[in-house]
Each structure stands twice: as C-alpha cells, then as structure tokens.
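Colleague: I have a model on screen and some labels to check. Can we go through them one by one?

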Amino acid sequence: MAEKRRARDYQQAETERLSRWEKWRRTSSKSLKKALSEVKGLSSYLVLWRRDIRSIEGKFGTGIQSYFSFLRFLVLLNFIIFILMFSFVILPTIIPTFGLFNSTIAYIPPKNDICTIYKPSGNKGLVYFYTYLKDLLSGTGFLEVTSLFYGYYSIDAVWISIMRYNLPLAYLLATFAYLALSFLWIVKRSVEGFKHNLVHDADPFQSYCNKVFAGWDFCITDPNAARLKHRSLQYELQMDLQEEKLKQKIAERRMEEKLRIYSLRIFINIFVIAILSGCFYSIYRVTVFSQENSNDIGNANSQVNLLVQYLPSMVITLANFIAPLIFAFLIKFEEYTPAFEIKLTLLRCVFVRLANIGVLLFSLWSQISDCGSDKCKPCGYNYKLYPCWESDVGQEMYKLMIFDFIVILAVALFADFPRKLLVTHCSCKLVQWFGHKEFEISDNVLEIIYGQTICFIGTFFSPLLPAIATIKYFIIFYVKKIVLIHTRKPAARPIRASSSNFFFLVVLLIGLLLAFVPLGFSIARIPSSKACGPFRNFNTSWEVIPDTILQFPTGLQQFLFGISSEAFAVPFFVILCIIMFYVIALARAHKRVVEQLREQLVLVRSDPTLDSHNKENFRVELIFLGTSCNCNKVWLYQATHMQEMCP
C-alpha cells in the first residue's frame with residue numbers, strides 16, 4: 001500500500017507540472033477511451049445470437065460453441081458478399097427499370113452468327129404448379145431468365161444521368177473484391193486463433209494453472225451465467241486430462257506395438273485412397289451422363305428429367321455422407337490423440353467434399369471444351385450443348401446449394417428426431433445400444449464449409465447465391481440448435497475451442513483457395529459465352545481489364561502495364577521474401593528472449609539468498625526488459641504470476 005501511495009503522489013506531482021494544453025489533452029484522451037469502452041460494451045448486446053451461443057457453451061462445452069460461432073461468422077460473411085454484389089452488379093440493373101436518376105440501359109447488340117443463338121427455357125402460356133416447383137429446384141425455366149444467373153446481365157453499360165457505369169468491369173471487380181474480402185477476413189480471424197493456440201500450447205502446466213486460478217469471471221452475478229461458466233471450465237479441464245492420459249499411454253508403447261500400429265495405419269490409408277478414387281470416378285461418370293441426357297426433348301417435362309439433372313448432386317451428397325462414416329470408423333483403429341484424431345478425420349472428409357466439387361467442375365469443363373468433330377471451331381466452346389455455359393455452371397452450383405440444404409433438413413426431421421423418440425420410448429436392447437447420437441463437430445463443420453465453398457465458386461455465375469447462403473445458414477443455426485438440445489448428447493470427447501476455431505478457419509481457407517482455381521480458369525482461359533452475359537463482346541472475361549486500361553491516359557497505361565510485367569514482379573517477390581525471412585528471424589529471437597526470461601524467473605523464485613523485496617524488483621526489471629524488446633506480454637504475465645500460485 002505504501003508503494004501505491006508513493007506512486008500516486010508521484011503521478012500527481014508530475015501532473016501539476018504539465019501545461020494546460022497537456023492536461024486538456026490527457027483528460028480528453030481518457031474521456032474518449034471511456035466513451036469507446038462504453039460503446040463497445042453496449043455493442044456486445046447487438047451481436048447476433050449472443051445469448052444462444054453462451055447458453056450452448058455452458059451446456060455442451062466450448063468445442064460445440066465454436067461451431068455455432070463459426071456458423072455465425074459465415075452468416076455475416078455471406079451477407080457482406082451479398083451487399084457487395086447487390087450494390088455493384090444487381091442494383092445498377094434495377095435502377096433503370098424504374099427510371100430513377102434519368103437512367104437508361106445500353107444492351108450489348110447481338111451479332112448475326114451461330115454463337116449468339118440462345119433460347120432460355122422460360123415458361124410460356126399455361127404452366128402447371130409442378131413445373132414451377134421443378135424450376136425452383138433446378139434453376140431452369142422462369143429462374144433462368146432472372147437476375148439469379150449470369151445470363152441475365154447482357155448489359156454493356158448503364159447511363160445514370162450523364163455518368164456511364166461500366167457493368168462488365170464492375171462485375172469482374174466485384175468478383176475480385178468478394179474473394180479478396182473473404183481471404184483477408186478469414187486470415188485475420190485465423191491469426192487471432194493462432195495466437196490463442198500458441199499461448200495454450202506453450203506450456204500445459206500453465207494451462208492448468210490459468211484455468212484453476214484465473215479461469216473464473218468474477219464479473220458474473222447471474223446464477224444461471226455462473227452455472228454456464230462452471231460447466232464450460234469443467235469441459236475444458238476434462239479435455240486437458242484426457243489428452244494428458246493418452247499422451248502418457250503413447251509414450252509407454254513398446255516397439256512391437258508401434259510396428260503394429262504403423263502397419264495398420266499404412267493399410268488404412270491405402271484403403272482411404274481407394275475410397276476417394278471410387279468417389280471421384282463415380283462423380284465424373286454421373287456428371288457426363290447428366291449433361292448429355294438432361295436436355296433430352298422426350299423427357300423435357302417429366303420427372304425423369306429432374307432426376308437426371310440432380311444425379312450429380314445426389315451422388316456427391318451420397319459420397320459426402322458415406323465417406324465420413326467410413327473414415328470415422330477407421331480412425332478408431334489408428335489410435336491417435338483426440339485432438340489429432342479430429343483433425344485427421346476433418347482433413348480426410350474435407351478433401352472428399354472439396355475434391356468432389358473439383359471433379360464436378362472438371363467434368364463440366366471437359367464437356368464445355370469438348371471440341372471433337374469441330375464442335376468448338378466457331379465459338380471456342382461447345383456452343384450447341386452450352387450456348388450460355390456460365391449460367392449452366394451457375395445452375396449446377398445452385399442445385400448443389402439447394403440439395404445440400406434439403407438433406408440437412410431431412411436428416412434432422414427424419415433421422416434425428418425419430419431416433420430420439422425410439423430411444424426415449426422403446427426399451428428394446430438394440431435401440432438402447434444405438435442410444436442418443438453425439439453432436440459430431442467434424443461432420444457439421446464440413447457441411448457448412450462444403451456449402452460455403454460452393455458459394456465462393458458460384459457467386460461469379462450466380463450473383464444472388466450469397467443471399468441464398470445467408471438465409472440457408474440462418475435457418476441451419478436454429479435447426480442445429482434444436483437438434484443439439486433435444487436429440488443429441490454432449491460429446492464423450494470434448495473439443496477445445498481455441499484449437500478448433502483456428503482449424504475450422506484453416507479448412508475454410510483451403511476451400512477459398514480451391515475456389516480461386518476454377519474461377520481463375522473460367523475468367524482467364526475459357527472463352528466467354530457469345531450469347532449471354534456482360535462479357536459477350538470479349539474473348540475472355542479478363543479482357544475487360546486491358547480494354548479498360550487502354551482508355552486511360554498514356555502515362556497511367558505505362559505505369560499499370562509496368563507493375564504487371566515480369567520486370568516489376570520478380571524484384572517485388574524478392575523483396576517480399578527478404579521481409580518475410582527478417583520477420584521470421586525476429587520472431588525466433590523474441591521467442592528465445594522470452595524463454596530466457598522465464599528461466600530467470602524460476603531461478604529468482606528458488607534462490608534463497610534474495611529477499612522478497614529484491615525478488616520483486618528483479619521481476620519488474622525482467623518485465624521491463626521483455627516489453628522493451630517487444631516480447632510476448634501474455635507469456636511474461638503468466639511467467640510472473642503463475643510462479644507465485646503454482647508450486
């Protein structure tokens with residue numbers, strides 16, 4: 001207390017020496033910080049599903065809570081992407097329809113050649129209700145000629161008063177913008193999760209001390225909130241103890257047991273590769289069959305045609321359902337730790353789901369670029385089967401999105417709830433042996449990452465797909481919440497939120513990077529449709545960029561072409577590599593300093609020649625040294641305070 005009084009007196013004396021301007025500046029800074037803190041506290045009540053997610057965390061642990069937080073992130077991400085596409089692509093085409101701002105549309109004049117023949121299958125005359133339902137599920141008919149798909153935007157420019165709005169350029173730049181926004185947002189959240197993961201994995205002993213001595217939130221006053229927090233800490237400690245027990249068991253394995261496990265793992269991985277090969281080949285054959293027979297005139301108005309159109313989606317969904325079950329069964333024999341077991345299963349399953357989308361797109365492009373018998377000679381693509389191939393790809397992505405949503409609802413209604421009723425009201429031994437199903441984190445995460453990857457790829461071909469994804473995930477949140485509370489039981493192996501959040505985002509980042517490949521290939525390599533879309537006057541979608549640059553002044557043209565040349569790219573890449581190596585070396589140096597400081601703190605604690613006053617001064621000096629060299633303050637705080645609380 002005496003030291004605090006001396007510090008307060010010293011601070012008051014220093015304040016009296018300040019000028020009026022400096023006093024006003026400090027007072028204003030404190031007031032601003034206090035106001036921002038209050039605004040931040042109030043804004044926390046506006047967070048979507050805040051109370052629901054906290055309730056889930058207390059009842060089922062932080063692992064399941066991280067899944068619902070991840071689902072909330074995807075809802076916000078898709079909503080922002082929709083706002084972006086709506087503002088720069090859809091809204092400029094709506095404004096002239098109502099004659100606002102004296103606006104008009106300049107449509108792209110069709111050329112009189114065979115490549116521009118495009119007759120959408122819009123419904124005319126008397127139409128049955130079944131036809132509307134079929135169109136709603138497949139994206140054909142009346143939906144094909146709406147703003148949902150690429151083919152609707154056959155507009156060269158929009159004149160708003162005297163300003164010319166270049167829609168093809170805006171369409172392409174909006175695509176780049178939503179991809180860049182998604183990439184930066186995911187990377188930002190991944191880095192935050194990586195920091196928490198590093199602090200947690202730095203020292204398991206400190207992790208226990210943090211939970212026991214510093215895990216409680218003393219701001220909690222509500223009894224219900226206190227119970228939720230108590231359960232959350234209980235699940236965290238349970239997870240830590242299970243992991244330590246398994247690590248000890250792995251360390252005590254003999255050589256014969258290790259050889260047996262490694263041999264079994266090799267055999268299981270060969271079997272996994274065989275399953276993946278079978279899934280990929282089935283999807284390829286079914287996609288080719290569907291594209292060749294879905295436009296059969298004899299089946300144009302029959303249920304068979306709808307079934308043929310949905311064959312790729314059905315086979316992909318079936319593969320996504322069966323393969324994870326096999327992987328979850330096989331992983332039990334490989335004897336990994338719970339955390340690594342979840343990660344490996346998730347990696348295998350995500351490879352199946354994302355690779356299935358890749359195989360589907362490869363099958364479509366093999367049909368689009370099928371130039372046998374000079375099919376592609378006039379237009380550069382198979383114009384007879386795909387007069388507007390971008391809309392066809394958009395329809396496939398739309399069908400995958402809708403079918404995935406239908407399957408999630410069907411599983412909840414016709415599998416989870418009947419199983420709950422049977423287990424509750426039937427005393428049969430077989431039914432009781434099945435019991436209540438656990439909430440599998442990996443399967444549920446893969447469901448939404450698979451759907452989000454479809455959205456990343458399909459937004460270019462279907463600009464309204466993010467809006468559909470936003471509504472889909474909004475409904476899925478409540479469906480999964482009801483299923484979790486009423487039909488599932490807490491996981492036998494809880495999952496830590498810090499590692500799962502980071503890993504979910506890494507898998508989502510893999511899905512986004514996968515989306516870059518087909519989108520880049522479609523924009524830069526495949527000739528754009530000559531019968532529809534904003535790029536019908538360009539050989540490829542990318543050509544709108546150099547065409548726009550040629551309209552700039554000569555100096556700006558030379559600058560832009562210069563920074564896109566190899567003469568600029570190679571030195572820029574070398575400089576980036578040098579900066580990256582410097583940052584890595586700096587991080588390693590800081591890590592070594594932190595380790596040395598922690599060792600010195602241990603020595604100070606165990607040195608009997610120093611009294612308590614000298615020990616405290618030495619710790620203050622160490623903290624000052626650590627902060628002056630920009631070391632990790634979290635580790636220093638833990639190293640300083642945990643030594644006092646933990647023996």
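Predicted model: local features only at pLDDT ≥ 70, side-chain atom pairs only at ≥ 80, totals over all residues.

Colleague: How do the axes of H13 and H16 cross?

Modeller: They cross at roughly 10° and come within 11 Å. H13 covers residues 389-425, and H16 covers residues 465-487.

Colleague: Why is H13 called roughly parallel to H16?

Modeller: Angles under 35 degrees count as roughly parallel. The crossing is roughly 10°, so H13 is roughly parallel to H16.

Colleague: What makes H9 roughly antiparallel to H11?

Modeller: The angle again. H9 (residues 255-293) and H11 (residues 311-331) pack at about 175°, their axes 9 Å apart. The cut-off for roughly antiparallel is over 145 degrees, so the label holds for H9 and H11.

Colleague: Which residues make that contact?

Modeller: On H9, among them are Ile 268, Phe 271, Cys 279 and Ser 290. On H11, they include Leu 311, Pro 312, Ala 319 and Phe 327. By class, the H9 and H11 contact has 17 nonpolar, three polar and no charged residues.

Colleague: How do you know that Cys 388 and Cys 532 form a disulfide?

Modeller: Their sulfur atoms are 1.8 Å apart. A disulfide needs cysteine sulfur atoms within 2.5 Å, so the pair qualifies. A search of the whole structure finds one disulfide. With 90° about the S-S bond, the link is right-handed.

Colleague: What makes this a link between distant parts of the chain?

Modeller: The two cysteines are 144 residues apart. Cys 388 is in the loop between H12 and H13, while Cys 532 is in the loop between H17 and H18.

Colleague: Are Cys 388 and Cys 532 buried or exposed?

Modeller: Both are buried.

Colleague: Why is Cys 455 called buried?

Modeller: Its relative accessibility is 0%. Buried means under 20%, so Cys 455 counts as buried.

Colleague: How many of the chain's residues are buried?

Modeller: Buried residues make up 43% of the 647. The chain exposes about 36,300 Å², and carbon and sulfur atoms supply 65% of that area.

Key:
Residues numbered from 1 in each chain as written. Heavy atoms only, no water. Axes fitted to C-alpha atoms, helices over the stretch in contact; angles between N-to-C directions. Helix = DSSP H or I, 4+ residues; strand = E, 2+ residues; numbered from the N terminus. Parallel < 35°, antiparallel > 145°, perpendicular 65-115°, else oblique. Buried < 20%, exposed > 50% of the residue type's maximum accessible area, 1.4 Å probe, protein only. Areas by Shrake-Rupley, 256 points an atom, 1.4 Å probe, with all protein chains shown as cover. Contact = heavy atoms within 4.5 Å. Nonpolar A, V, L, I, M, F, W, Y, C, P; charged D, E, K, R; others polar.
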